Amino acid sequence: MPALSPTMTEGNIATWKVKEGQNFSAGDVLLEIETDKATMDVEAQEDGIIMKIMSQDGAKSVQVGTRIAVLAEAGDDIKTLEIPQDEQQQQGGGDSAVTPEGDSAVPERQTKPTPRASTGESHEQKHPLMPSVEHLVKQHGLSKDDVSRITPTGPSGRLLKGDVLAYLGSISTDSPAAVSSRFEALSHLDLSNIKVAEKKAAPPANAPKKAKQPEPLPLEVNVPVSLDKVIQVQNRIQETLGVFMPLSTFISRAAEVANDNLPPTKRAPTASELFDQVLGLDKVKAAKGTRGVYLPQISAVPPSTLLKPPARPARKVDIIDILTAKPKKTVREHGIPTVPGFSNGLNVFSLVVPREEEHRAHMFLERCKAILEEEPGRLVL
C-alpha cells in the first residue's frame, strides 16, 4: 500500500483496474485507493504483469507498507514463478496474515508504534505547530526534546504530520521527504521543452502588397407611406374617447409588429452585436440597420414635390364669365404637414443597412406600409 500523502497511514482499495495475469504499461492506472480525504489513482511506473492480488476490491483499512499485490516483469511466465514471502512476515513484525486465497485478513493485534532511533541532531521547530502535529505530539506523549529531534520536511522548514508519523515508525522514514520533493517538483512549471520560434524571413522590399479591399458602403432603403388613415383613426379616437394618441405611437407600434419574425440575415454579427446579445440589449436597442430591431427614419414629402395634374390650356374669358362672377374654388394643398416631421399625405420611411440586409429591410418597410395604410386601427386594440 503506497503512501499517497505525508499524513496517510492507511487506505481502502476501491477497485483494481488490472486483473491477475494481465499485462500493463507504464502510466496505466492499476487501482483506485480511497483515503479519508479523497480517492486517487495509482499509476504503474514501468511495464509489467499482475501476478497476484493480495487485497481485493473493497479491502478496508489497509496499512501503508502492507503487501497488496505481487508484480512480475514484462515478458515473464508467471506460471513458473513463485510468490516471495512477505518481508514483514520474515521480520516477525507483520500485523496481517495472507490467507490461502490471497485475501488480507483482519489484523491480529495492534501494537503501539515506538519512536525510531534518533540521529542525535536537534532541530528548532517553528511554532505554533500545526493542529494535526500538535494532536499527534499530545496523543503519543512526545516531549519537547523528542519533537526537536524530528526532521521537518514541510515548506519553510515546518514540521508536518508525516514527519511525526515517520519518527514514530508508523510510516517509512523516506515517505515525507519523497512526497515533499514530488510536490515541490510539480509546483514548478517545466519549460524545458519550449523552443524559441524561428524568425520568419522578411518579404522582399519590392514585393507587391495586397490591396485591402474597401468595405461595402451601407445601403439606404426608402418606401413611401401615407398616414391619411392613421390621422383618421387618431381623430376618431380623440372625438369618441377624448384621448390624443400621437402619430409616433402608431409608428412605433407598427415597427414592433413589422420586426416580428423577420428572416435571419446572412451577415455575420459584429463584436458589438454579440456583446449586446449577451446582455440582452439586442431586443431593446433600436439603432439604424441593426440585425434585430429596425426603427425607420421618417421625413415628410414637401407639397411642391408631389405629383400635380397636367396643366390645362387657358380658356378664353368671355362676357358671361365676368357678369356671373362665380366664386373661385379653393384648392386644398395635399400633404401639408400637421405634425413636425410627419405629413398627412406621403412620408418617406427609410433605413440605412448593410447591403446584405437589403431584402430584409424592404420586407420590414413594406410591412410598416401595409399596417399604417390599410389597418392602423389594429394598433390601438
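How many bridges pair strand 8 with strand 10, and in which sense do the two strands run? In this predicted model, strand 8 (residues 219-226) and strand 10 (residues 346-353) are paired over 8 bridges in the antiparallel sense. One place to look for this pairing is Ser-226, whose bridge partner in strand 10 is Leu-346. Strand 10 also pairs with strand 9 (residues 297-300), again in the antiparallel sense, through 4 bridges. Here Ile-298 is found opposite Phe-349 of strand 10.

Strand 3 (residues 29-34) runs antiparallel to strand 4 and is joined to it by 5 bridges. A handy landmark along this pairing is Val-29, which stands opposite Glu-43 in strand 4.

The other open sheet is built from 3 strands, ordered 2-5-7 with antiparallel pairing. Strand 2 (23-24) and strand 7 (69-73) each have a single partner strand, so one side of each is left without a neighbour in the sheet. Strand 5 (residues 48-53) pairs with strand 7 over 5 bridges in the antiparallel sense, and Gly-48 can be found opposite Glu-73 of strand 7. As a reminder for viewing any of these sheets, side chains in a regular strand alternate between the two faces of the sheet.

Turning to the helices, helix 4 (residues 161-168) is largely enclosed by the rest of the structure, because 7 of its 8 residues are buried. The buried residues are Gly-162, Asp-163, Val-164, Leu-165, Ala-166, Tyr-167 and Leu-168. Their cover includes helix 2 (131-139), helix 3 (144-148) and helix 5 (175-186).

Val-278 belongs to helix 8 (residues 271-279) and, at a relative accessible area of 69%, is exposed.

Charged side chains complete the picture. Side chains of opposite charge can pair when their charged atoms come close. Across the whole structure, 4 salt bridges are found. One of them links Lys-17 and Glu-32, with 3.5 Å between the closest N and O atoms. Because Lys-17 sits in the loop between strand 1 (10-16) and strand 2 while Glu-32 is in strand 3, this pair ties together parts that are 15 residues apart in sequence. Lys-17 is partly exposed, its relative accessible area being 44%, and Glu-32 is partly exposed as well, with a value of 22%.

A further salt bridge joins Glu-373 to Lys-369, where the closest N and O atoms are 3.0 Å apart. Both residues lie in helix 10 (residues 358-374), and their spacing of 4 residues is about one turn of the helix. Glu-373 has a relative accessible area of 25% and is partly exposed; Lys-369 is partly exposed too, at 22%. Arg-378 and Glu-375 also form a salt bridge, their closest N and O atoms lying 3.2 Å apart. Arg-378 counts as partly exposed at 41% relative accessibility, and Glu-375 is partly exposed with a relative accessible area of 39%.

Methods
Residues are numbered from 1 along each chain as its sequence is written. This is a predicted model: local features need pLDDT of at least 70, side-chain atom pairs count only at pLDDT 80 or more; totals for chains, interfaces and linings use all residues. Side-chain values use heavy atoms; hydrogens and water are left out. Buried means under 20% relative accessible area, exposed over 50%, partly exposed in between (1.4 Å probe, protein chains only). Two strands pair if DSSP finds at least two bridges between them. Contact means heavy atoms within 4.5 Å. A salt bridge is a side-chain nitrogen of Lys or Arg within 4 Å of a carboxyl oxygen of Asp or Glu.
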